[in-house]
Structure formats: structure tokens, C-alpha cells
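Please look through the sequence and the model together before reading on. The report below takes up a few places in turn, and each can be found in the structure as you go.

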Amino acid sequence: MVQSVAYLDLAPVQKAAGEIHLPGSKSISNRVLLLAALAKGSTTVHGLLDSDDTTVMLEALKKLGLRIEDLGNHSVKVHGVAEFPVKNADLFMQNAGTAIRPLTAALAVSGGSYHLHGIPRMHERPIGDLVEALQGIGANIEYLQNPGYPPLQIESPTLKASTVIKVAGTVSSQFLTALLMAAPIMAKKLNQAIEIEVVGELISKPYIGITLNLMQRFGVKVENQNWQRYIIAADAVYQSPGEIWVEGDASSASYFLALGLLGSGPIRIYGINQQSIQGDILFADFVAKIGAELRYGADYVEVSAHQGDGFPRVKAFDEDFNLIPDAAMTAAVLALYADGPCVLRNIASWRVKETDRIEAMHAELAKMGATVESGPDYLKITPPQHWQDAAIETYDDHRMAMCFSLAIFADAKVRIMDPACVNKTFPTYFQEYKRLLK
């Protein structure tokens with residue numbers, strides 16, 4: 001856990017190598033916790049991420065009446081329930097999108113009175129597409145401040161039978177994930193199959209792949225019709241698999257994949273492999289494309305780069321990052337070292353994350369000496385001709401801190417403001433990172 005300090009100074013280095021064991025995936029951890037809560041039987045979850053976001057989900061589930069045993073060593077035992085025992089609760093969700101969105105859907109169709117709210121930034125992150133989809137089938141949800149955003153007040157629904165649930169797919173895939181995970185509750189209450197239809201282009205499809213994979217592990221197979229329509233059977237019921245292991249976080253792996261490229265490596269990253277169910281494993285292919293050498297094992301990927309003096313070691317790129325928006329932030333910092341201008345495309349979802357990441361990245365990359373151009377869904381980065389020392393604002397966004405920790409392979413000093421923001425997903429990040437620097 002990073003202590004709450006004002007800043008962390010990072011000096012220039014030339015080499016990085018070693019081994020890293022990834023923390024559990026945030027996306028998988030919070031999905032598994034909710035699925036285990038809704039499943040028949042008890043589920044032992046191994047490799048659970050220990051972070052602010054998973055703590056938010058665990059505390060919310062406990063407030064809703066779940067019995068969850070801490071078994072130590074990143075393992076918990078969740079005793080599933082047919083429905084949430086507590087029917088009236090105030091749930092503070094901090095800034096955990098992977099917790100508030102699926103819980104909103106599950107609670108909205110379960111029955112009860114629930115107040116969901118978070119920190120000020122959470123109240124700026126859209127949830128309107130999800131709420132509108134839920135209201136379309138009879139959910140009773142009220143916005144308490146600004147329409148389309150938390151905080152929310154949820155009351156018992158009057159669910160409508162024989163209704164296709166329509167949800168927009170262009171802002172966040174988490175809205176569809178939330179509806180999919182809540183679908184077996186709806187199916188039981190309505191005694192019918194549930195159909196969900198995506199309106200518009202679905203972004204971040206790999207995250208829906210994670211959801212479908214995990215639902216199947218808990219006994220619910222979803223019929224996926226070309227990523228546009230999903231059918232959940234009338235008799236769908238979550239059944240505990242008994243035990244489940246959380247993969248290492250592929251989004252967090254992106255920083256070490258980049259570190260192995262920039263610092264020559266080798267860096268061996270344990271906890272993921274080519275068979276990962278997380279879309280962000282595609283970032284490994286990206287770093288190979290721009291200059292890294294990869295080697296895979298049963299439970300690791302190893303990254304290195306050709307030895308040589310100086311930079312650039314990164315080939316300029318023009319890439320569509322719609323499928324891996326979180327890992328794409330790492331690519332933006334890699335662009336500082338490229339042999340020409342780089343473009344990141346189709347990243348509009350950055351604007352509704354923990355901060356407006358396009359605006360934040362533009363500002364902080366420019367501080368390092370880069371020439372930056374940005375628009376609604378893209379960034380163009382021309383590497384610095386002269387690197388500049390910079391104090392990097394992190395905007396209470398864990399990924400900003402971790403990304404800019406990579407800006408140390410040049411003759412410039414980097415100060416990371418509010419480094420404790422990494423506690424959201426990777427509390428030991430800076431300890432592990434420093435251990436790899438040579």
C-alpha cells in the first residue's frame with residue numbers, strides 16, 4: 001500500500017530487468033465477487049486483487065447481507081444467496097465503476113430500497129445508458145443530482161415481461177456487462193428468457209468476453225449473436241464452481257511489458273499467458289509490433305528488447321485502441337520514445353474514466369516536451385526534441401501515475417504527484433516497479 005504523500009520523485013535510469021508477479025485482475029475480481037454472491041452454494045476465490053476497488057465491492061456485498069470469509073493470502077469464501085438479504089442500504093462506491101454499474105443493475109431488478117453514491121468524480125461518470133435500459137423494463141431508479149449520473153436512489157421495480165432490453169454500446173461496455181450479470185435475476189422473476197440488444201457499435205468487446213466467460217464458469221451460458229444481441233435462458237441460474245482463480249491483471253501487465261521494452265529486460269511477468277481471457281493481453285502483441293521481443297510460458301510472458309545505446313527503441317505507430325482502452329494509456333507514454341509521431345485512435349471512452357484521460361494525457365505529455373494534438377477520440381504525440389523535467393499531475397487516476405512512471409529513460413526528472421492513487425488497483429506498484437530498475 002502506497003502511503004499518502006504529496007509526491008514521489010523518480011530519477012532517470014537506463015536498465016530494467018527481473019521478475020514480477022501480477023496482482024489479480026480488477027475486472028475479473030469484481031465480476032467474480034458479484035457472481036459468487038448471486039450463485040447457489042459457496043465459492044472460494046483465489047488470487048483476489050487487494051485494492052480500493054475490490055474493497056468497495058466487498059464492503060457493499062457485506063452491507064447487502066452476504067457472508068464473506070477472509071481466508072488470507074488473497075483468498076475469500078463467498079456464501080451465495082438467492083437474493084440480497086438486506087433490502088434497505090446506503091452504499092458508498094467511491095470511484096469504482098466495476099462495482100457501481102453491475103450492482104446498480106442487480107439491485108434495480110432485485111427489489112429493495114438502495115442509495116448508491118461515491119466521490120465527486122463518480123458523480124461525473126455517466127450511468128444514464130444503463131439506467132435508461134433498466135427503466136425500459138420497469139426498474140424504479142431516480143437521479144438524485146444530475147440526470148444521467150450518480151448518485152442514484154433505487155426502489156423496488158415493476159418488471160415488464162416480453163421486453164427486449166436495449167442498451168447503448170458506445171460509451172462503456174460496463175453497461176452491457178451489468179445487464180448481462182443481472183439477467184438471471186430478471187429471468188427468474190419474469191419466468192422467461194431475457195434478450196439484450198446493443199444499440200450502436202459496442203466498444204471494448206474483450207471486456208464483454210470476460211463477462212461471458214465468467215458467467216459460463218458460474219453455470220450460465222449466454223447466446224452471443226455477433227456482439228449485438230444476447231439471449232439468457234429462462235431457467236438460467238448461477239451455480240458455484242466451488243473454487244475459482246483470478247488471473248493476473250493484464251492491464252497492469254502493460255506497464256511491465258513497456259518497461260521490458262524500454263529497459264531492455266528481460267522482465268518475466270507471472271500471472272498471465274497467451275490464453276488469458278482478458279483483452280488487454282493484446283497489448284503484448286502491440287509492444288512486439290513496435291520493438292519488443294516476447295517469450296511465453298505456461299503462466300508468464302517474458303519481454304525484452306535488442307540491446308543498444310540510446311533511444312529510440314520504439315517504432316512509431318498509428319493504432320486503433322478501441323479493444324484495449326486501459327492498456328492504451330501505456331502506449332501514449334511509449335510514444336515519447338518513438339522514432340516519429342504516433343497516433344492513438346478510437347479512445348473516446350477515455351473521457352468518461354476516472355478522469356478525462358484524453359485531456360489529462362495531453363497536458364502531462366506536453367509537460368515532458370512532447371508536441372500533442374487531441375480530439376474527441378484521438379491523441380497525436382510527436383516525441384520531445386528536448387526532454388523536460390516535469391511534475392506529473394495524476395488527477396486521482398491510478399493509471400496516470402503508473403503510466404508516467406515509465407518516463408524515466410531519458411535525461412529528465414519525473415515527479416509523480418499523489419502516488420497513493422495507485423491503491424485503487426495496484427497498491428504495491430511502486431515497490432515492485434523500483435525493484436526492477438537497475
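Where is the place of P151? In this predicted model, P151 belongs to the loop between β8 (140-143) and β9 (152-155), and the peptide bond that leads from P150 to P151 is cis, with omega near 5°. Another cis peptide bond runs from G265 to P266, also with omega near 5°, but P266 has its place in strand β15 (residues 264-270). As background, most peptide bonds are trans.

## Residues with a positive phi

Most residues other than glycine have a negative phi. S264, although it is not a glycine, has a positive phi of about 75°; S264 is placed in strand β15, and at 4% relative accessibility it counts as buried. D418 is likewise not a glycine and has a positive phi, here of about 50°. D418 is found in the loop between β23 and α12, where it is partly exposed, since its relative accessible area is 28%.

## The annotated binding site

An unreviewed UniProt entry gives the annotation "binding site" to K26, G97, R125, Q174, R357, R399 and K424. Of these annotated residues, K26, G97, R125, Q174, R357, R399 and K424 are included in the lining of the largest cavity.

R125 lies in the loop that joins β7 (113-117) and α4 (128-135). Is R125 buried or exposed? R125 is buried, because its relative accessible area is 4% and the cut-off for buried is under 20%. Leaving aside its neighbours within four places in sequence, R125 is in contact with several residues, including G97, Y149, P150 and E354. K424, for its part, lies in the loop between β23 (414-417) and α12 (429-436) and is buried, with a relative accessible area of 7%. Its side chain makes a polar contact of 2.9 Å with the side chain of D53, and the residues that K424 touches, not counting those up to four places away in sequence, include K26, N95, E354 and H398.

## T98 and its contacts

T98 is found in helix α3 (residues 97-110) and is buried, with a relative accessible area of 9%. The side chain of T98 makes a polar contact with the side chain of N30, at 2.9 Å. Not counting residues up to four places away in sequence, T98 touches K26, N30, D53, M57 and Q174.

## The annotated active site

Which residue does UniProt list for "active site"? The unreviewed entry lists D326, a residue that lies in helix α9 (residues 325-334) and is buried, with a relative accessible area of 10%. Beyond the residues up to four places away in sequence, D326 touches Y207, S251, D280, K353, R357 and R399. With Y207 there is a polar contact between the two side chains, at 3.4 Å.

## Helix α7

At its N-terminal end, α7 is capped by D249, with a side-chain oxygen 2.9 Å from the backbone nitrogen of S251. After α7 comes S264, the residue whose positive phi is near 75°.

The largest nonpolar core has 83 residues, and the members that touch the most other members are L61, F84, L180, I196 and Y230. The largest share of this core, 12 residues, comes from helix α5 (residues 174-190). Apart from this core lies another one, of 76 residues, among them A16, A328, F409 and F426. I196 touches residues that include I165, V167, L180 and Y230, when residues up to four places away in sequence are not counted.

## A partly exposed tryptophan

W227 lies in the loop between β12 (223-225) and β13 (229-232) and counts as partly exposed, at 28% relative accessibility. Leaving out residues up to four places away in sequence, W227 touches V198, L202, K205, I208 and G209. W227 and E69 are 158 residues apart in sequence, and their C-alpha atoms are 36 Å apart in space.

Methods. Residues numbered from 1 in each chain as written. Predicted model: local features only at pLDDT ≥ 70, side-chain atom pairs only at ≥ 80, totals over all residues. Heavy atoms only, no water. UniProt positions renumbered as here; feature names shortened; annotations may be inferred. 1 Å grid on protein atoms, 1.4 Å probe; cavity = no way out; pocket = protein on both sides within 12 Å on 5 of 7 lines; lining within 4 Å. Helix = DSSP H or I, 4+ residues; strand = E, 2+ residues; numbered from the N terminus. Buried < 20%, exposed > 50% of the residue type's maximum accessible area, 1.4 Å probe, protein only. Contact = heavy atoms within 4.5 Å. Polar contact = N/O pair within 3.5 Å; in protein donor to acceptor, adjacent residues only side chain to side chain. Core = buried A, V, L, I, M, F, W, Y, C linked by side-chain atoms within 4.5 Å.
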